[in-house]
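Reader: Hi! I'm new to this one, could you walk me through it?
Author: Happy to, let's have a look together.
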Amino acid sequence: MKVTLKVWRQKNKSTPGEFKAYQTPELNGNMSFLEMLDVVNEGLANKGEEPIAFDHDCREGICGTCSLVIDGKPHGPHQGIATCQTYMRSFEDGDEIYVEPFRAAPFEIIKDLVCDRKSFDRIQQAGGFITVRTGAAPDANSIPVPKDNSDLAMDAAQCIGCGACVAACKNASAMLFVAAKVSHLGLLPQGQPERFKRVKAMVDQMDKEGFGSCSVTGSCEAVCPKSITLDFIAMMNRDYAVALLKGDPKPIAGGGA
Amino acid sequence: MKIIDRLFNSSLGKKYLMAISGLALFGFIVGHLVGNLQVFGPPELINGYAHFLKSKPALVWGARLGLLAMVAIHIVTAVRLTMENKAARPVQYAKWKENGASKSSQYMIVSGSVILAFIIYHLAHFTVLLPFVNGEGDFTKLTTVFDGHQVADVYAMMVIGFQVWWVTLFYLIAQGLLFWHLFHGLSSMFQSLGLRSYSWWPVITKATKAVSIGIFIGYSIIPLAIFLRIVGSDYAEKARHQLHAETVQVVGSGKEAGK
Ligand code: HEM
Ligand code: FES
């Protein structure tokens with residue numbers, strides 16, 4: 001099979017980009033979308049042209065590095081699948097496929113299809129962790145966790161932080177990502193001590209980065225490669241409201257250490 | 001205080017404001033519907049109700065000011081959110097799919113704007129009684145006697161008002177958009193306030209959709225029944241004399257009766 005690609009090419013942050021059309025060589029349907037781009041890039045490199053820059057790492061759907069909006073849907077045509085696990089057999093011979101970067105003001109485009117997702121790291125650093133002493137692993141089952149909660153927490157922990165939710169949202173809102181991170185820890189006993197501080201810190205950082213707000217359209221959950229649901233956004237909304245009502249804790253001189 | 005700052009300026013806080021003000025407006029919409037449906041009873045029913053409201057100015061003005069505050073919060077926050085959301089996606093995609101987003105969820109600001117235009121018209125039409133917006137005449141001339149008092153003939157105003165085809169059409173369009181707004185907005189309100197879980201969400205979406213359909217039917221049958229001359233056409237004929245009379249006359253026992 002062969003397809004025509006319409007790829008967003010942009011030299012760097014400050015240069016405006018444009019779409020360029022590329023005819024692929026003969027492809028194998030069992031190639032992943034990224035392998036197809038590798039083949040196209042090989043051709044470009046052989047001709048002395050600049051290869052198409054795109055993000056990828058594990059290529060097995062667990063790292064969240066691959067991105068791409070493929071024909072209007074982040075991560076391509078399937079549900080619950082990342083771009084690296086999208087295969088060319090999902091397309092027809094002769095298809096014209098638009099390949100665009102994730103578009104959002106906080107996801108600045110670095111080059112071609114590569115965008116800067118450090119804003120997600122900063123949100124995580126604001127509170128997406130628990131403060132514990134390191135050392136020997138604690139006894140298993142020393143802290144009981146209700147099975148329902150551990151299942152839900154695992155669902156939230158599936159989030160690979162790829163940013164497809166932002167890419168799909170008409171408002172470029174990051175609430176699905178932040179909600180997954182907030183709920184994942186908020187559902188577990190280990191996350192309780194910092195639960196309300198966490199949600200405030202992470203939402204504050206999310207707002208500072210310039211993401212939009214949720215309009216409950218549901219496109220984020222529809223494109224999420226890990227099928228994270230809007231239930232988690234409701235959970236975050238609830239925690240944030242409780243956190244606001246509780247107020248900020250009394251400041252302690254020296255940070256209380 | 002941080003809580004006030006976060007309520008008005010954080011993304012989640014603004015969603016709470018939308019949801020709470022939307023809920024208050026929805027509460028009014030339900031109460032107002034129950035009041036208006038009295039037009040299907042005898043004229044004395046709705047005229048008595050209107051007279052009762054007029055006789056409680058503190059209650060009416062309290063509710064009006066509260067509603068005005070809610071409308072202001074809802075609109076100001078809607079505009080702020082819409083602008084921020086636009087700014088978060090400065091460059092649009094060349095090829096775009098809706099990816100599961102319903103049309104009503106994408107056009108809340110559009111349906112809201114038509115509702116706003118309607119609210120302004122509706123106030124001019126039936127509250128301030130501006131004569132040039134109703135296509136008929138000076139509605140302040142419509143009076144009747146209720147319980148020994150001379151009162152505004154709200155029933156006549158309605159049955160005359162909705163015989164004008166373009167008034168009825170505009171009301172129906174506005175109700176259609178209100179329905180569209182609520183079809184998404186009501187369930188979204190639960191989401192914004194965090195009142196949702198895996199087991200409740202299907203119930204919430206179905207129930208809120210049913211309620212928005214109910215509101216649409218309730219509000220639409222009023223102008224429709226009047227326009228189709230099912231309700232109050234005889235009364236409208238009689239009351240219309242009052243409207244076009246040179247001097248104010250009162251159907252029934254005359255203006256002096258109430259004094
Ligand atoms: C009687 C009138 C109205 C009622 C009952 C109503 C109700 C609601 C409700 C329940 C919501 C959902 C809130 C949420 O997402 O948490 C909502 C959202 C919204 N309303 Fe209204 N509304 C009314 C009038 C208006 C008007 C006049 C405007 C604007 C001009 C407007 C603009 C919006 C917008 C833009 C949203 C979506 C906000 C977002 O996506 O975050 N509404 N409305
Ligand atoms: S490359 Fe790691 S998830 Fe796709």
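Author: One term before we start: helices here are DSSP runs of at least four residues, numbered from the N terminus. Also, this is a predicted model.
Reader: Thanks! Where does ligand 1 lie?
Author: Ligand 1 sits between chains A and B.
Reader: And which residues come nearest to ligand 1?
Author: Of the 24 residues around ligand 1, the nearest are A:Ser215, B:His74, B:His181, B:Ser188 and B:Ser192.
Reader: What about N or O atoms in the side chain of B:His181, how far is a nitrogen atom of ligand 1?
Author: That distance is 2.7 Å. An oxygen atom of ligand 1 lies 2.6 Å from a side-chain N or O atom of A:Ser215, and an oxygen atom of the ligand is 2.6 Å from one in B:Ser192.
Reader: Which elements give two or more residues to the shell?
Author: Those are H2 (11-36), H4 (57-87), H6 (108-127) and H8, helices of chain B. H2(B) has the largest share, with seven residues.
Reader: How many of the shell residues are nonpolar, polar or charged?
Author: The shell around ligand 1 has 14 nonpolar, nine polar and one charged.
Reader: New topic: how much space lies in the second largest pocket?
Author: About 300 Å³. Its lining has 17 residues, and among those nearest the centre are A:Val216, B:His184 and B:Trp201.
Reader: Which element gives the largest share of that lining?
Author: H8(B), with four residues. By class, the pocket lining has four nonpolar, ten polar and three charged residues.

Technical notes: Residues are numbered from 1 along each chain as its sequence is written. Chains are lettered from A and ligands numbered from 1 in the order in which they are written. This is a predicted model: local features need pLDDT of at least 70, side-chain atom pairs count only at pLDDT 80 or more; totals for chains, interfaces and linings use all residues. Side-chain values use heavy atoms; hydrogens and water are left out. On a 1 Å grid over the protein atoms alone, a cavity is a set of points where a 1.4 Å probe fits but cannot get out, and a pocket is an open set with protein on both sides within 12 Å along at least five of seven lines; lining residues have an atom within 4 Å of a point. Grid points are joined across faces, edges and corners, and a volume is the space filled by probe spheres set on the points. Ala, Val, Leu, Ile, Met, Phe, Trp, Tyr, Cys and Pro count as nonpolar, Asp, Glu, Lys and Arg as charged, and the others, Gly among them, as polar. A residue is near a molecule or strand if one of its heavy atoms lies within 4 Å of it. A polar contact is a pair of N or O atoms within 3.5 Å; within protein, one must be able to donate a hydrogen and the other to accept it, and residues adjacent in sequence count only if both atoms are side-chain atoms.
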